[in-house]
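Here is a short note for reading alongside the model.

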Amino acid sequence: MARGVNDYFLVEGHRDNFELTARRRKGDPCPLAAWLPRLQRAGLNVSVIALGGDAMHHRDGDARPLEGSLDVLDMFLNDVEALRARGEPVQIVLAKADLPERPDDGVVRFVLEIEGGRPFQEDYSSGKPMHARLALLRSLFRLGVRSLHLTHQGRNELGDGGDEADGGRLSRFGVAVLGEAHRLGMNVSLAHLTDSNIAHALAVAQQPLTATHDNARAVYAHPRNFTDAQLRAVAANGGVVGVHFLRMMCDPQRLLLDAYLDHVAHVARVAGPAHVGIGWLGADAGFREVAGSHGNSFRTTADGAPLEMREAYATLIERLAARGFSEQDVRGILGGNYLRVFRQNLPEDSPVYWNYRA
């Protein structure tokens, strides 16, 4: 095996904005400044961060989907501007060339994400042709958004989220959004869709799709987790399933490293190790202090202390090797598999409207 954390590309497929918005509400003028050193210490290369979406918690409590999402996006980009002006190695991923070329370069990169289509949906009664109804999606792309979920847990004009009854399909608008996202060069996640909407999205996809924070239903029967048939379908599509360290999805009775690894091992066995990634490795001390989620801390034993991000990744590397994963498999799971999909899906280059790149 490689020597340590810095020998691997580290990519987390999903992170919410909760800590940043909580810090803002407490008066912090640059919330990202408190978080960035912890990501740097962990050696994280890329984080996909949700900065708006369908649910009010995605947009810091704002009931208006577009305005609330733009508010959170503005907060984040303001912080990136401030940190870059101070010489901090932080960057927004806009195109393939912005992805890391080596794992230990010290730069923390963010893929900006909208978690659910309400911020860019148009009312069906508007009478606009489909191309015009996609204008808000294109505008968010121009602001730097490079990843999206079609829905969150409820229904929107794109399709059905996980709280809806199964059996429906994506709307014509949802299919058009998926196609336009691929044309522009955006990652699209299957997370939160109903089973039938997942099948429809995979059937019409033109590029690999991700499931950025979804585990194995055969290991723990949560509806957000993917069936074996879905895991095989994501693999056939060339995509990646990001295994998520979240109590409700791993196993509420034993949210420990071994339970998490059971999901990783099952997804790898069914879909193949080239189609496994990391969702989120749980709450570190800084997150717990400000935003809660004490029950989703990365632990190796029930009475053990929660691990910080770097220690969590280091322990994960050791345990994956102990479970028989090859060096190539581990490199892919920790970040290489996501990078492969991003290098396929993201644009070759992108218009630069502001200086958030290297």
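1. The buried residues of helix 12 (309-322) pack against strand 1, helix 2 (32-42), helix 10 (257-271), strand 9 (276-278) and helix 13 (327-345). Helices (H or I, at least four residues) and strands (E, at least two) are DSSP runs, numbered from the N terminus. Contact means heavy atoms within 4.5 Å.

2. This is a predicted model, in which local features need pLDDT of at least 70 and side-chain atom pairs pLDDT 80 or more, while totals for chains, interfaces and linings use all residues. Residues are numbered from 1 along each chain as its sequence is written, and side-chain values use heavy atoms, leaving out hydrogens and water.

3. Met309, Ala312, Tyr313, Thr315, Leu316, Ile317 and Leu320 are the buried residues of helix 12 (buried: under 20% relative accessible area, 1.4 Å probe, protein chains only).

4. Helix 12 has 14 residues, which at 1.5 Å a residue should span 20 Å; its end C-alpha atoms are 20 Å apart, so the two agree. The expected span is 1.5 Å times one less than the number of residues. Glycine 324, with a positive phi near 95°, follows helix 12.

5. A cavity is a set of points on a 1 Å grid over the protein atoms alone where a 1.4 Å probe fits but cannot get out; lining residues have an atom within 4 Å of a point. The second largest cavity has a volume of about 30 Å³ (the space filled by probe spheres set on the points, which are joined across faces, edges and corners). Glu12, Arg15, Trp280, Leu281, Gly282, Met309 and Tyr313 line this second largest cavity. Strand 1 (11-15) and helix 12 each give two or more residues to that lining.

Terms used
1 Å grid on protein atoms, 1.4 Å probe; cavity = no way out; pocket = protein on both sides within 12 Å on 5 of 7 lines; lining within 4 Å. Buried < 20%, exposed > 50% of the residue type's maximum accessible area, 1.4 Å probe, protein only.
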